[in-house]
Amino acid sequence: MIYFAGCSVFRCNHILEHHGVIDRPIKAWTLNFAASGCFSWSVDGSTPRTVEGPVAFWTWPGPHYCYGPSDVRGWDHYYISWLGHRARDWQAKGLHPRCDPAQAIKPISDPLNFRLAFEDMLDVLAGRGREDPFVVHKLEGLLLLLHSQNGAASSSHGRRERVEAVVDAVRAQPERDWDFQAEARHTGIGVIHFRRLWKTLTGTSPVSFVNKARVERAVNLLCREDMGINEISERVGYGDPGYFSRTFRKIHNMSPGSYRAAYRELE
């Protein structure tokens, strides 16, 4: 359809514990969502400021951006970037918000729905081409959802907050031997409802969430340390190195050793 032409998604991902630092101009238009954690933010040499999630921030070609984690825990980072003349039209007409680039940050008042919208974007992109009309439509929806945030964090209580606390605990210590039936009992929530709330909050099951968190921690060790693969497997909570390698390959489409080699080639 011609209506959706002129936009090509460049990258789209979710990194549970993002430790990377961006310090350069960015060639694409981008929407980022820091679901939790803190990061430092500076544009064109401005004084760095510390920003705490949940917030969205957006970038575009031209300015020199510098942002990265404020502490060793990293931050829960979703992002999507795109190219094409449609991107310029969106910015000119305000869908991609226009402002001083140093001020292109907005608190997210409804972080659950914003997270789910990003998860939906990832799911759609996984099964379609980067210029597919459905992909462009989802991206427009994300940008529109950004405009609906009123800048005041919403407050909620009860079951959801109890499950959120467990999600944060798993994110902080994915290597633990997690028993989610026990966690459900500790929160006072039935197992089925616990799992349903978990899926709503994270977009995936508890077991898949643990595996993804463990693998992302393994990525940091592969890139930053000289540990052997078996040692990394044990460090992130896998007693069986073979299972660790299969899980890693399922998420990153390559073995841990190949990932390390590819990273070092880029350094």
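What is the volume of the second largest pocket? I looked that up to begin. The volume is about 470 Å³. Of the 21 residues that line this pocket, Glu17, Arg73, Arg171, Ala172 and Arg217 are the closest to its centre. I noted that this is a predicted model.

**Entry: the pocket lining**

I asked which elements give two or more residues to the lining of the second largest pocket. They are strand 1 (8–18), strand 3 (29–43), strand 7 (75–83), helix 4 (159–172) and helix 7 (206–224). Helix 7 gives the most, with 4 residues. Then I sorted the lining by residue type. I found 11 charged, 5 polar and 5 nonpolar residues.

**Entry: confidence**

The mean pLDDT of the protein chain is 89. A pLDDT of 70 or more is reached by 96% of the residues.

**Entry: strand 7 and its partners**

I turned to strand 7, one of the elements in the pocket lining. Is strand 7 mostly covered or mostly open? It is mostly covered, with 8 of its 9 residues buried. I followed its pairing next. Strand 1 is joined to strand 7 by 8 bridges, and the two run antiparallel. Serine 8 stands opposite leucine 83 of strand 7. Strand 3 also pairs with strand 7 in the antiparallel sense, over 8 bridges. On that side I found glycine 37 opposite tryptophan 75 in strand 7.

**Entry: glycine 74**

I stopped at glycine 74. It is in the loop between strand 6 (64–69) and strand 7. Is glycine 74 buried or exposed? Its relative accessibility is 6%, so it counts as buried. I listed its contacts, leaving aside neighbours within four places in sequence. They are His18, His19, Gly37, Cys38 and Pro69. I also took a distance to leucine 16. Glycine 74 and leucine 16 are 58 residues apart in sequence, yet their C-alpha atoms are 8.3 Å apart in space.

**Entry: strand 3, strand 4 and the turn**

I followed strand 3 to strand 4 (residues 49–52). The two run antiparallel and are joined by 4 bridges. Serine 40 has threonine 50 in strand 4 as its bridge partner. The two strands form a hairpin with 5 residues between them. Aspartate 44 is in that turn, with a positive phi of about 50°. I made a note of this value, because most residues other than glycine have a negative phi. Aspartate 44 counts as exposed because its relative accessibility is 51%, and the cut-off for exposed is over 50%.

Asparagine 253 is in the loop between helix 9 (241–252) and helix 10 (256–266). At 67% relative accessibility, it counts as exposed.

**Entry: a cis peptide bond**

Which residues does a cis peptide bond join? They are glycine 53 and proline 54, with omega at about 10°. I recorded this bond because most peptide bonds are trans. Proline 54 has its place in the loop between strand 4 and strand 5 (55–59).

I moved on to strand 5. How many of its 5 residues are buried? I counted 5. Both faces are covered. Val55, Phe57 and Thr59 are buried on one side, and Ala56 and Trp58 are buried on the other.

Strand 5 pairs with strand 3 in the antiparallel sense, over 5 bridges. In that pairing, threonine 30 has threonine 59 as its bridge partner in strand 5. Strand 5 also pairs with strand 8, again in the antiparallel sense, over 3 bridges. There, alanine 56 has lysine 106 in strand 8 as its bridge partner.

I ended at proline 107, which is found in strand 8 (residues 105–107). Proline 107 counts as partly exposed because its relative accessibility is 36%. From proline 107 to leucine 146 I noted 9.5 Å in space, C-alpha to C-alpha. The two are 39 residues apart in sequence.

Note on methods. Residues are numbered from 1 along each chain as its sequence is written. This is a predicted model: local features need pLDDT of at least 70, side-chain atom pairs count only at pLDDT 80 or more; totals for chains, interfaces and linings use all residues. Side-chain values use heavy atoms; hydrogens and water are left out. On a 1 Å grid over the protein atoms alone, a cavity is a set of points where a 1.4 Å probe fits but cannot get out, and a pocket is an open set with protein on both sides within 12 Å along at least five of seven lines; lining residues have an atom within 4 Å of a point. Grid points are joined across faces, edges and corners, and a volume is the space filled by probe spheres set on the points. Ala, Val, Leu, Ile, Met, Phe, Trp, Tyr, Cys and Pro count as nonpolar, Asp, Glu, Lys and Arg as charged, and the others, Gly among them, as polar. Two strands pair if DSSP finds at least two bridges between them. Buried means under 20% relative accessible area, exposed over 50%, partly exposed in between (1.4 Å probe, protein chains only). pLDDT is the predictor's confidence in each residue, from 0 to 100. Contact means heavy atoms within 4.5 Å.
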